[in-house]
Amino acid sequence: DVTKNVTFKASVTAGAKNIIATSQDFTIDRTEWGIKFAAKILGIPADKAVSDNIGLKIDLVANAE
């Protein structure tokens, strides 16, 4: 139930039949959307827990037809 804007750089190419957008690698903090892992509560060592940071890269192809 959490909505946030994310800004990242992307290369956009428009062709006759499609538009292609490719981002650079970027990172978001999953806890900002309320996605949490209870490692501290469960006593799991930090190096074995799920990282708060998630790496993403967007490759999008949209048909212009």
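Good morning. I begin with Phe26, which counts as buried at 13% relative accessibility; buried means under 20% relative accessible area, exposed over 50%, and partly exposed in between, with a 1.4 Å probe and protein chains only. The model is a predicted one, in which local features need pLDDT of at least 70 and side-chain atom pairs count only at pLDDT 80 or more, whereas totals for chains, interfaces and linings use all residues. Residues are numbered from 1 along each chain as its sequence is written, and side-chain values use heavy atoms, with hydrogens and water left out.

Let me turn to the overall layout. The chain has one helix and five strands; helices (H or I, at least four residues) and strands (E, at least two) are DSSP runs, numbered from the N terminus. Along the sequence, the pattern reads β-β-β-α-β-β. Of the 65 residues in the chain, 9% are buried. The chain exposes about 5600 Å², and carbon and sulfur atoms supply 53% of that area; accessible areas come from the Shrake-Rupley method with a 1.4 Å probe, and for residues only the protein chains shown count as cover. Among contacts with a separation of 6 or more, 62% come from residues 24 or more positions apart, where contact means heavy atoms within 4.5 Å.

I return now to Phe26. Which aromatic pairing does the structure hold? There is one aromatic pair; rings of Phe, Tyr and Trp (its six-membered ring) pair if their centres lie within 6.5 Å, and planes under 30 degrees apart count as stacked, over 60 as edge-to-face and the rest as tilted. Phe8 and Phe26 form this pair, and it is stacked, at 4.5 Å centre to centre with 5° between the planes. The pair links distant parts of the chain, since Phe8 lies in the segment before strand 1 and Phe26 in strand 3 (residues 26-29), 18 residues apart. Phe8, at 34% relative accessibility, counts as partly exposed.

Phe8 also belongs to a nonpolar surface patch with Val6, Ile58 and Leu60, with about 300 Å² of accessible area together. Patches are made of residues with over 30% relative accessible area and no salt bridge, like charges being joined within 9 Å and nonpolar side chains (Val, Leu, Ile, Met, Phe, Trp, Tyr) within 5 Å; a salt bridge is a side-chain nitrogen of Lys or Arg within 4 Å of a carboxyl oxygen of Asp or Glu. Ile58 sits in the loop between strand 4 (53-56) and strand 5 (59-63), and is partly exposed at 33% relative accessible area.

Ser23 is buried, with a relative accessible area of 5%. A polar atom of the Ser23 side chain lies 2.7 Å from the backbone nitrogen of Ile58. Leaving aside neighbours within four places in sequence, Ser23 is in contact with Phe8, Lys9, Ala10, Lys57 and Ile58.

Arg30 is found in the loop between strand 3 and helix 1 (39-42). Is Arg30 buried or exposed? At 6% relative accessibility, Arg30 counts as buried. A polar atom of its side chain lies 2.8 Å from the backbone oxygen of Ser51. Not counting residues up to four places away in sequence, Arg30 touches Ile35, Lys36, Phe37, Val50, Ser51, Asp52 and Ile54.

Finally, Lys4 lies in the segment before strand 1 (10-14) and is partly exposed, with a relative accessible area of 39%. Its C-alpha atom is separated by 7.7 Å from that of Trp33, 29 residues apart along the chain. Thank you.

Definitions and conventions
Polar contact = N/O pair within 3.5 Å; in protein donor to acceptor, adjacent residues only side chain to side chain.
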